[in-house]
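Here is a short briefing to read alongside the model. Take a moment with the sequence and the fold, and then we can walk through them together.

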Amino acid sequence: DWQIDGYFLGPLDAVRDDRPSARLQELGVEAAGPLINAIGDETPTRCVWYSCRVGGGFWILSVGVFAEELLESLSGLHLKGEEWRTWSAAIKERGEEETLAELAERGNHTSIDASRRLLSLWPNRIEKVIAGARTATDKYVRERLADLIARSNQDVTAYLLEELSSNLLSVRIGAARALFDRGRREGLEMFLANWTAGSFEDGLSPTSGNTLEHESALSDLVRLLLESGDVKTLDAVLAELLSRPPYIRVAVLHALS
């Protein structure tokens, strides 16, 4: 990412609300056509990025790069090249709502941004995001879509109960927390039973995968148990803690900190 460890140099005059880029953003997706046509234009703009990495240096944005960043801003998506033309054609044919719904349902990396924008504009289309989460085979995509669904104000209880059986620990924990926030204790009771029985082999033991990811998820689980406000649950977490495996004790320390 070229924007690491740097910043845009400020203009000599105050930034005005009537500058061309601001007017294009006000147009929203209606401005997509001309911006897509500008992708690849290497004409320099007056936008200068200074990076302090490796001794420092300056980078002048081209018209093409600036156009693509404006497209990302007004669409909420991160596409590349011809993908923008496909997206623009779909919007002209079916409208933005249906285009986003279709992208959300695919369950790929584009579905994350599409679902986020879809739910911000049309929150009642949550079923398309749920369909995408069920379709997703990539762990990161599944987790991000599950998180968006859990944060939704729509009735997603059936989906959350379903995800308590997910093969991903992070998704199970997110579903349990979302259910608890909705007054449902099924997930909390499930994890409390595992904790009390010491049955950590069910996705709680870091036997495979990214250890740091596992530690983060396990800390989230401990926070869920500790924040339940239930004395029985608190006692269960702290009972015989010193005899627990080190990764469990570390997770409790992280949660308490």
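How many disulfides does the count come to? Taking a disulfide as a pair of cysteine sulfur atoms within 2.5 Å, the count comes to zero. Please keep in mind that this is a predicted model, in which local features need pLDDT of at least 70 and side-chain atom pairs count only at pLDDT 80 or more, while totals for chains, interfaces and linings use all residues. Residues are numbered from 1 along each chain as its sequence is written, and side-chain values use heavy atoms, with hydrogens and water left out.

**Overall make-up**

- The chain comes to 14 helices and three strands, where helices (H or I, at least four residues) and strands (E, at least two) are DSSP runs numbered from the N terminus.
- Of the 257 residues in the chain, 40% are buried; buried means under 20% relative accessible area, exposed over 50%, and partly exposed in between, with a 1.4 Å probe and protein chains only.
- Among contacts (heavy atoms within 4.5 Å) between residues at least 6 apart in sequence, 58% join residues at least 24 apart.

**Cysteines**

- Cys47 is partly exposed, at a relative accessible area of 24%.
- Cys52 is also partly exposed, at 48%.

**The nonpolar core**

- A nonpolar core is a set of buried Ala, Val, Leu, Ile, Met, Phe, Trp, Tyr and Cys residues joined through side-chain atoms within 4.5 Å.
- The largest one holds 62 residues, and Trp87, Val129, Ile149, Leu160 and Leu225 touch the most other members.
- Helix α10 (residues 169-181) gives the most to this core, with seven residues.
- Setting aside neighbours within four places in sequence, Ile149 contacts Ile126, Val129, Ile130, Ala133, Val156, Tyr159 and Arg182.

**Helix α1 against helix α3**

- Helix α1 (residues 20-27) packs with helix α3 (residues 63-75) at an angle of about 40°, and their axes are 9 Å apart; axes are lines fitted to C-alpha atoms, for helices over the stretch in contact, and angles run from 0 to 180 degrees between N-to-C directions.
- From α1 the contact draws on Ser21, Leu24 and Gln25, and from α3 on Phe66, Leu70, Ser73 and Leu74.
- Glu30 lies in the loop between α1 and α2 (32-38), and its 67% relative accessibility makes it exposed.
- Glu30 and Leu74 are 44 residues apart in sequence, yet 9.5 Å apart in space, C-alpha to C-alpha.

**Helix α5 and its surroundings**

- In helix α5 (residues 96-105), the buried residues include Glu96, Thr99, Leu100, Ala101, Leu103 and Ala104.
- The buried residues of α5 pack against α3, α4 (82-94), α6 (109-121) and α7 (126-135).

- Ser219, in helix α12 (residues 211-226), counts as buried at 4% relative accessibility.
- Not counting residues up to four places away in sequence, Ser219 touches Ala251, His254 and Ala255.
- Glu240 sits in the loop between α13 (231-238) and α14 (246-256) and is exposed, with a relative accessible area of 65%.
- The phi of Glu240 is near 50°, a positive value in a residue other than glycine.
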